[in-house]
Amino acid sequence: MGGTDVTDGWDWRRGGETPAPARPPGAGVPSAGPPARPGSGYTPPAGPPPGASRPGVPYAGPAPPADGSGATGASPWWSDALGDPWRDPAAPAAVVVPGVVAAGTEPEPVIDPDAPGRPSLRHLLLIPVITALLAGTLGGALGYAFAVRGGAGGGTVLGAEPVDPPALAQRKPESLAGVAGRVLPSVVTVRVSSLGGTSEGSGFIASADGHVITNDHVVAGGSGKASVVFNDGSTAPATVIGQDPESDIAVIKVNRTGLRPVEFGDSEGLAVGDPVLAIGSPLSLANTVTAGIVSALDRTMQAGEPGGPVRYYAAIQTDAAVNHGNSGGPLVDGAGRVVGVNSTIKSLVAEGQEAGNIGLAFAIPINQAKRVTQDIIGTGKARRTVIGAQVGGPGAGAGGGVRLAAVEPSGPAADAGLKAGDVIMKLNGRPMTEPTDLIALVRKFAPGSVVTVEFRRGADRQNTSVTLAADAK
């Protein structure tokens, strides 16, 4: 090793002596080994030299003999470390000998903080709850998946795949549902008390300050007081403003402002086949909407109760379902505009039985009803339109017509050149077959209207224009 001494770190010291030179194992320093066994021929090596120790660590083995021979009993702590080329001589070492535990003394128990503890009752209860929730969630998800996809067994799936709704289901403003939604808030139920009980009909709001249009026969026989039930279920007292029995129009008023009036249409612009809605309270079923078409126009009607006034009007015929309680309610066109006032129906019933809808209902044209309403609001009564002649029976001969029984001097008919005995064939192109036809059609127009009259005098056919007037009474 180039003259370098190798030691195992033992520092041989006696009191006042200098360290002895290092010696390799076997050079007078026997190596440690197992104890000798009798007859084995093996002699255990001697322990470390007397007083041997490492720096800072006392030697723990048996003390060497006083003669310095180095001979001592075998030590299990001594080894041939001097022969270990990799040993670090400066590394400290110590031999620790465990102490003897006194009898009857037990060491204090030590608890490992990281060791799992005993589960509490809360933990024992929480585990099955969480397990049940997880199982339920998983079961529900699997059940839904099987229900949607038909399951492993190919179960039945009801219904088709969702598609975009049709245009009518979107309830556009021009649809029937859209029209009904706009008009319903303006339709009311009218109740009138009388000696015979309470009569009930329908009506609709004509002005924002509370005027309501209904039929005269709804309020006839009452005390002049009525009540109105609005679309939202609220009620208000009403007062009868005026009535016109011959046109079957009456106006009542509620003391409420900010109401939503209907939009008025033009009954003269209707055509057969146009769609219409009838809205009202048939048989006390408020806010009922029925649909139909215009079945006919200028269907002349003569109606009235026995002993009461006779009503004449050229009605709008419809197949929309109308029943008792619809009277006074609006008939609206496809744009939601009021074109008529539902008034009468025809039904195949015997005397004394209650009539019902068979698809034959009649409404007063709104142009006539609106004019009568304005007269009632303005003057308290309605003007009646006349032609200034009295009608007799049907005209004789081919072609029908209505014969004039008398003509009032200086009346509208006389001013137009008509005479008694003339047969009126058409009024504004509308054929005349019955006396009621001429009366109803004349009352349809407002006073001052000019109409064309086709008449027959003897064998000649002539035309003239008549300016209708209001009755003097």
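In which helix is Ile 130 found? Ile 130 belongs to helix α1, residues 121-149; helices (DSSP runs of H or I, at least four residues) and strands (E, at least two) are numbered from the N terminus. This is a predicted model, in which local features need pLDDT of at least 70 and side-chain atom pairs count only at pLDDT 80 or more, while totals for chains, interfaces and linings use all residues. Residues are numbered from 1 along each chain as its sequence is written, and side-chain values use heavy atoms, with hydrogens and water left out.

**Confidence**

Let us begin with pLDDT, the predictor's confidence in each residue, from 0 to 100. The protein chain has a mean pLDDT of 78, with 67% of its residues at 70 or more.

**The interior**

A nonpolar core is a set of buried Ala, Val, Leu, Ile, Met, Phe, Trp, Tyr and Cys residues joined through side-chain atoms within 4.5 Å. Buried means under 20% relative accessible area, exposed over 50%, and partly exposed in between (1.4 Å probe, protein chains only). The largest such core has 26 residues, and Phe 204, Val 332 and Val 341 have the most contacts inside it. Elements giving two or more residues to this core include α2 (176-183), β6 (249-254), β10 (311-318) and β12 (337-345). Its largest share, four residues, comes from α4.

Take a look at Val 341: leaving aside neighbours within four places in sequence, its contacts include Phe 204, Ile 213, Ile 249, Phe 362 and Ala 369. Another core, of 20 residues, lies apart from the largest one, and has Ile 387, Met 432, Val 451 and Phe 455 among its members.

Helix α6 (residues 435-444) is mostly covered, with nine of its ten residues buried. Among them are Pro 435, Asp 437, Arg 443 and Lys 444.

**The surface**

Together, Leu 126, Ile 130 and Leu 134 make a nonpolar surface patch of about 290 Å².

Leu 348 sits in the loop between β12 and β13 and is exposed, with a relative accessible area of 78%.

Conventions. Contact = heavy atoms within 4.5 Å. Patch = residues over 30% accessible without salt bridge, like charges linked within 9 Å, V, L, I, M, F, W, Y side chains within 5 Å. Areas by Shrake-Rupley, 256 points an atom, 1.4 Å probe, with all protein chains shown as cover. Salt bridge = Lys/Arg side-chain N within 4 Å of Asp/Glu carboxyl O.
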